[in-house]
Amino acid sequence: MNRTDDRLLPVLLICAQAALWPGAELVRGAVPPASALLVAALVAGPVTAALALRRTRPVTALVVVAAACALGAGPLPTGAMAVLGTAGVALALFTVATERDTFATVLCGTALAAWQLLQNISLHGIGDRDGLDLVLTAMLYAAACGAGLLVRRTRRARRAAERTLKRAEAERHRLPEAERRRMERELHDVSAHHLTAVVVTAGAALGLRDRRPELADQALEFAAETGREVTRALGAVRAPTPSREELPSPEERLRALVEGFRRLGQSVDCEIDALPDGMVADAAYGIVREALTNVARHAPGAHTTVRCRYGDTRTEVVVTSAAPTAGSAAHGADLGGGRGQGFLRSRAREAGGALTSGPTADGGWEVRAVLPGRTAAPTERPVPRNYRVAQLTAAVGLVLQPLLPALVVHAQPTSTGSQVSAGVLFALLAAAQAVALLWLRRAPRTAQCVLLGLVPLWPVAMAAGDYTGPVVLPPVLSILATCAAVAADASRTAARVPVPAADASGAAAFPPAAARAWLLPAAAVVVHAAAAVVAVADRGTTVPLWAVVGWALSGASLAVGAARGGGTLRARHDLAARGTRDERLAAWTEEAVRDAWAERRRIAAGLETTVLARTADMVTEAEAGRLDVSAERAREALAAMRALLDTVRQGRTEPELRPQPTLQALDLLARQCRATGRDVEIRLTDRVPERLPTAVDLAAYHAAETVLAAGGEEPAVLELDADGVTLTLTATGVPRAARPAVRERLAARVAALGGTLTTGRPDTVGLRLPLAPVPQQGDEERER
């Protein structure tokens with residue numbers, strides 16, 4: 001497909017050139033000489049080949065096309081290279097803009113215009129001609145560069161949107177499985193670590209009951225405290241809080257973990273560097289915890305060394321244990337389920353590293369993980385400065401090349417007059433318009449004022465340069481830049497201004513921004529019409545003045561109206577495409593969160609009747625002073641945990657039985673949004689109760705889902721707070737949530753519960769939901 005498209009345009013250009021010359025000559029009965037036809041064929045061949053390969057070698061194709069057309073323009077008659085010299089060069093320059101960066105595009109366009117100007121001087125000398133053809137050529141090149149840059153930016157935006165959708169679709173399939181793996185791993189880590197410690201401590205205390213009876217009381221207290229900690233930890237596994245409270249640093253967490261094993265009688269030395277929060281720190285903590293738990297199971301009392309080194313290129317986590325001491329009883333050797341090594345490797349792999357483990361030379365065991373370091377993330381390398389210097393050198397060399405024959409072969413006649421030609425003045429005005437257009441995105445109002453201020457100078461340049469060409473051409477050239485500004489302003493306004501809503505009287509209420517959007521088109525029509533009338537009147541005409549004014553107003557209105565309509569249509573097309581993408585993202589996010597939430601609820605239901613129930617029995621027996629029974633309940637809880645892990649992969653909740661997500665699923669919603677490249681932060685204050693009324697819980701979650709589903713690339717923050725009677729949800733960084741359709745959905749959700757919807761800044765939305773929902777009519781009848 002690409003090859004066909006690449007070859008089709010050069011063939012069409014060659015056909016158009018052949019129709020113009022020698023086709024027109026043959027129709028008039030004049031047969032061009034054979035030498036001219038041979039030169040035209042020799043020029044057309046390289047030009048066609050270069051344009052066919054323009055996408056792979058755009059700069060080379062541009063140089064070949066420009067050079068071939070310049071060489072053929074000398075011996076061939078006028079018009080023989082008109083199509084190839086204009087459309088062919090413009091097509092090559094357009095391809096450079098679409099395939100290369102902005103620096104290369106501007107450099108090629110500027111060098112090409114300067115080269116063509118100097119070549120024209122070398123061929124025809126410097127005369128008093130108006131030079132309007134040079135201005136038209138420069139504008140053609142500027143238009144080609146601008147169109148190419150616009151196409152490149154559009155392609156880049158489309159590719160970014162496609163990558164976003166691809167990530168979201170991949171996350172849609174990955175999130176439920178990732179949630180299952182997370183809960184499976186956390187169940188193993190939390191239960192194995194805490195319950196193994198109870199079994200080991202109780203076994204040691206029972207073995208020394210006769211010699212050190214005080215250890216039994218300590219073991220009972222430890223069992224009760226650990227059982228309550230297991231209950232809290234497993235509750236966090238079932239519904240991890242999405243709030244970002246102040247947590248200990250990764251280094252403090254690792255040192256606290258090591259200190260906890262020391263209290264169990266393990267001899268542990270550590271060398272721990274400061275780690276930044278993130279995936280690497282979480283993986284390091286999980287690896288150290290699992291490795292120390294295995295040492296407590298299989299080699300209690302063995303000297304262990306924990307080393308965590310954070311470097312520029314990698315992070316090393318090494319846990320080395322010595323051989324078990326003679327006579328030590330491994331009370332937890334039979335507690336493992338055989339998954340520890342797999343979880344260790346999965347942690348390292350998910351963090352972007354690798355893990356190895358095995359026996360040491362002295363009979364111990366070593367776990368070594370290599371994780372990413374400070375500079376592990378790939379960074380985009382900028383273009384080297386020497387490459388830019390080489391580009392500039394090549395451009396300057398090509399530009400100065402036409403001067404050599406002009407300086408060596410013959411001296412050029414120069415003008416004796418002191419008057420500046422109209423072409424020079426037109427070129428200066430066009431350059432000023434180009435500079436204003438370059439500042440259009442950064443300072444739109446200033447650039448628009450500059451463009452309108454340059455319009456009256458075109459009639460002045462016509463009079464000062466004694467312009468004798470078509471009187472319509474300078475006004476047309478002056479209005480092109482203004483039309484580009486009008487189109488950009490219309491596109492920007494259509495993207496920002498919402499659809500007019502009806503007020504209380506039923507009339508459409510236009511926001512002030514929509515009314516201000518018509519100021520620039522109106523001013524452009526008036527200014528350009530006035531300039532055109534002045535230019536025509538200065539030249540002199542027999543047409544009545546009212547007809548000239550009408551003609552100028554209608555022409556300016558038609559051009560400006562077309563530009564504004566084109567900008568509006570483009571903005572609406574972009575908004576429609578963005579809306580379609582946002583709808584797909586919202587649908588995939590909802591499906592992914594529901595599936596992950598169903599997976600979480602399925603595992604949590606099994607957790608209630610297995611591990612948590614036996615852990616509660618362990619706490620009860622420990623509080624009753626029965627250490628041996630408490631240790632047995634800990635073993636049963638571990639066995640139940642292993643059985644639950646064995647059945648986690650079995651059975652899937654049917655779609656029609658999927659539960660409705662609540663605020664406990666906000667972490668899943670934020671994770672899905674982050675997978676699309678948008679930074680979303682969920683904050684829950686301590687005043688939000690753990691258990692909310694079901695209607696309020698569902699309404700708050702769906703409101704958060706609606707706000708985030710409105711789309712956008714800005715970082716968003718959702719904060720939930722409560723004051724005892726009202727739950728407040730404040731969303732910031734969501735400018736699209738102010739759209740009427742989104743506000744209607746939010747208002748419908750909060751109105752059913754008697755809540756309110758408020759807006760502050762343009763990117764902020766607030767919802768207030770009463771914690772005691774307003775009873776509906778059906779509920780009141782059922783209560784009666």
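A salt bridge is taken here as a side-chain nitrogen of Lys or Arg within 4 Å of a carboxyl oxygen of Asp or Glu. The structure is a predicted model, in which local features need pLDDT of at least 70 and side-chain atom pairs count only at pLDDT 80 or more, while totals for chains, interfaces and linings use all residues. Residues are numbered from 1 along each chain as its sequence is written, and side-chain values use heavy atoms, with hydrogens and water left out.

Confidence comes first. The predictor scores its confidence in each residue as pLDDT, from 0 to 100. The chain has a mean pLDDT of 77, with 81% of its residues at 70 or more. Helices (H or I, at least four residues) and strands (E, at least two) are DSSP runs, numbered from the N terminus. Among these elements, the highest mean pLDDT, 91, belongs to strand 2 (residues 304–310), and the lowest, 40, to strand 6 (residues 501–502). Over residues 497–510 pLDDT stays under 50, and the model has 13 contacts beyond four places in sequence for that stretch, a contact being heavy atoms within 4.5 Å. Residues 776–784 also stay under 50, with two such contacts. A word of care belongs here: where pLDDT is low, the predicted coordinates should not be read in detail.

Turning to the sheet, five strands form an open arrangement in the order 1-2-3-5-4, with mixed pairing; two strands pair if DSSP finds at least two bridges between them. Strand 1 (268–272) and strand 4 stand at the edges with a single partner strand each, so one side of each has no neighbour in the sheet. From one strand to the next, the twist averages 5 degrees. Axes are lines fitted to C-alpha atoms, for helices over the stretch in contact, and angles run from 0 to 180 degrees between N-to-C directions. Strand 1 and strand 2 run parallel and are joined by five bridges, with Val268 standing opposite Thr304 in strand 2. Strand 4 (residues 354–359) and strand 5 (residues 365–372) run antiparallel, joined by six bridges, and Thr356 stands opposite Arg368 in strand 5. Five residues separate strand 4 from strand 5 in a hairpin, and Gly363 in the turn has a positive phi of about 95 degrees.

Two helices lie across this sheet. Helix 8 lies across strand 1 and strand 2 and runs at about 175 degrees to strand 1. Helix 9 lies across strand 1, strand 2, strand 3 (314–321), strand 4 and strand 5, at about 10 degrees to strand 3.

In one of them, the side chains of Glu251 and Arg255 meet at 3.3 Å, N to O. Glu251 and Arg255 are separated by about one helical turn, because they are four residues apart in helix 8 (residues 250–263). Buried means under 20% relative accessible area, exposed over 50%, and partly exposed in between (1.4 Å probe, protein chains only). On that scale Glu251 is partly exposed at 25%, and Arg255 is partly exposed at 38%. Another salt bridge pairs Asp282 with Arg253, the closest N and O atoms being 3.6 Å apart. This pair links distant parts of the chain, 29 residues apart, with Asp282 in helix 9 (residues 279–298) and Arg253 in helix 8. Asp282 is partly exposed at 41%, as is Arg253 at 30%.

Further along, the side chains of Asp721 and Arg687 form a salt bridge at 2.3 Å, N to O. Asp721 lies in strand 9 and Arg687 in the loop between strand 8 and helix 23, 34 residues away. Arg687 is exposed, with a relative accessible area of 53%. Asp721 is also touched by Thr726, whose other contacts, not counting residues up to four places away in sequence, are Arg768, Leu769, Pro770 and Leu771. Thr726 is found in strand 10 and counts as buried because its relative accessibility is 12%.

A nonpolar core is a set of buried Ala, Val, Leu, Ile, Met, Phe, Trp, Tyr and Cys residues joined through side-chain atoms within 4.5 Å. The largest such core has 43 residues, of which Leu663, Leu666, Leu720 and Leu727 touch the most other members. Elements giving two or more residues to this core include strand 9 (716–722), strand 10 (726–732) and helix 23 (694–709). Helix 23 provides the largest share, eight residues. Another core, of 32 residues, lies apart from it and includes Leu62, Val89, Trp115 and Tyr141.
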